[in-house]
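Hi there,

Here is the structure I promised to pass on to you.

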Amino acid sequence: MLFSPALDAALAGVLGLLVGSFLNVVVYRLPRVLGRQWYDEAQGMLSDEEAHQMVFGRPPGKEIMAADKGLRAALDALPPFSLARPRSRCPHCGHPIGAIENVPVLSWLALRGKCSACKAPISMRYPIVEIVTGAFFALCAARWGITPQAAAWAGCAALLISLFLIDMDTFLLPDDLNYVLLWGGLLASVAGWTVPLQSAVLGAAAGYLSLWLVYHGFRLLTGKEGMGYGDFKLLAALGAWFGAHYLLAIILVSSLVGAVIGIVLIIVGKLANKEVPMPFGPYLAGAGLVCLAIGPAAVPAILPIAFPFGMP
């Protein structure tokens, strides 16, 4: 405790608002940055004559070489783009967003949810993400104090929020975030901030293998792919943070989260057709956030059916 429990939680909440503002940037930009990297790698494969010979048994023809040069030229013509560059701009008119317009929540309220230049609406999701992130940071500080343990769990929450939104928007669960979450969970276990290391390792392995088996079983039975490999990695990461004994609870809570998300999307009119595919990652990430909000130690009392053998 630095000052008092309430003040510590408030300070952590302010930090969470700032982190939430950065998460909005990550959610929008990271898939696009990765997309450029994937196209760059594809161009590298097109220009690799040895790889083409190995795969197709012949050297690349004129069409492949032309496609290679065209793709390279298109990639080189793109302006620099990363998490830091260029400055944030209004997507409607290109107005650069100044520092005073980028204050978490307050700027959105002061601008009344509209661009200061063109008056186009600014999505309410931006302040919501900031508020939710701030709330999780404050919760972690209130529960564990201003400690490395609280910082670890706050980082876990930030990664889960990012994965939730990115998968909802793009059907992608980037390895850049999944692996940080996974290794962060294992290192937090080693430091003694979460579950015993044995439970963390077993949770990671069992989380990955359980969905891997479901995926391949579903594909053998239906000939369709029901989920992606990113889902396996996300559940593995959650297993590393919460431990093997929490996996059933996470799966059960994810079904409830999925029901809530489905109902909300139907209400807002974005899920009128039942054939529209839905990503599974937001359900898992949402379940992790729910379990964190309730408190890892309190979940067994609220959901005893998920712990048939009790807690270790």
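Let's begin with tryptophan 212, which sits in helix α8, a stretch that covers residues 197-222. Please keep in mind that this is a predicted model. Glycine 13 lies 199 residues away from tryptophan 212 along the chain, and their C-alpha atoms are 37 Å apart.

Next, the inside of the protein. The largest nonpolar core is made of 64 residues, and among those with the most contacts inside it are Trp153, Leu160, Leu181 and Leu234. Several helices give two or more residues to this core, including α1 (5-46), α8 and α11 (281-294). The most comes from α6, which gives 13 residues. As general background, nonpolar side chains in soluble globular proteins tend to be buried together.

Not counting residues up to four places away in sequence, leucine 160 touches Leu181, Leu234, Leu238, Ala285, Gly288 and Leu289.

Finally, take a look at both ends of helix α2, residues 49-56. At its start, a side-chain oxygen of aspartate 48 comes to within 3.1 Å of the backbone nitrogen of glutamate 50. After α2 comes glycine 57, which has a positive phi, near 80°.

Enjoy exploring!

Best wishes

Methods:
Residues numbered from 1 in each chain as written. Predicted model: local features only at pLDDT ≥ 70, side-chain atom pairs only at ≥ 80, totals over all residues. Heavy atoms only, no water. Helix = DSSP H or I, 4+ residues; strand = E, 2+ residues; numbered from the N terminus. Core = buried A, V, L, I, M, F, W, Y, C linked by side-chain atoms within 4.5 Å. Buried < 20%, exposed > 50% of the residue type's maximum accessible area, 1.4 Å probe, protein only. Contact = heavy atoms within 4.5 Å. Polar contact = N/O pair within 3.5 Å; in protein donor to acceptor, adjacent residues only side chain to side chain.
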